[in-house]
Amino acid sequence: MEISQTKENNVAVVALNGRLDANTAPQLEAALNALVEAGETKVLVDCSHLQYISSAGLRVLLAAAKGFKKIDGTISLCALSPTVKQVFEIS
């Protein structure tokens, strides 16, 4: 999986490309933890090129949401494909 980061209008944008599973979840966890530590309070995860997400990926996103909440921040997801969206709806 590829992770790219940009900043637009005071929002940290994290774009995901590929598969978010047990093998790649630690990469995303490190990237999101770094944003929490940097004090970023507005984060958008762009899932337009995310092909798959496993329970390990869901765990990372849930942990990140809790981390951002502790610093009065927010994390949002956008552009979920139907298959990725279905995983969120089921959970």
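This is a predicted model: local features need pLDDT of at least 70, side-chain atom pairs count only at pLDDT 80 or more; totals for chains, interfaces and linings use all residues.
Local features need pLDDT of at least 70 and side-chain atom pairs count only at pLDDT 80 or more, while totals for chains, interfaces and linings use all residues. Residues are numbered from 1 along each chain as its sequence is written, and side-chain values use heavy atoms, with hydrogens and water left out.

**Exercise 1.** Find how many salt bridges a search of the whole structure gives.

*Solution.* The criterion is a side-chain nitrogen of Lys or Arg within 4 Å of a carboxyl oxygen of Asp or Glu. Searching the whole structure with this criterion gives three salt bridges.

**Exercise 2.** Work out which parts of the chain the salt bridge between K7 and E40 links, and whether each partner is buried or partly exposed.

*Solution.* Start with the contact: the closest N and O atoms of K7 and E40 are 2.9 Å apart. Finally, apply the accessibility classes, in which buried means under 20% relative accessible area, exposed over 50%, and partly exposed in between (1.4 Å probe, protein chains only). K7, at 47%, is partly exposed, whereas E40, at 16%, is buried.

**Exercise 3.** Classify R19 and D21, which form a salt bridge, by accessibility.

*Solution.* Their closest N and O atoms are 4.0 Å apart. R19 has 43% relative accessibility and is therefore partly exposed, while D21 has 16% and is therefore buried.
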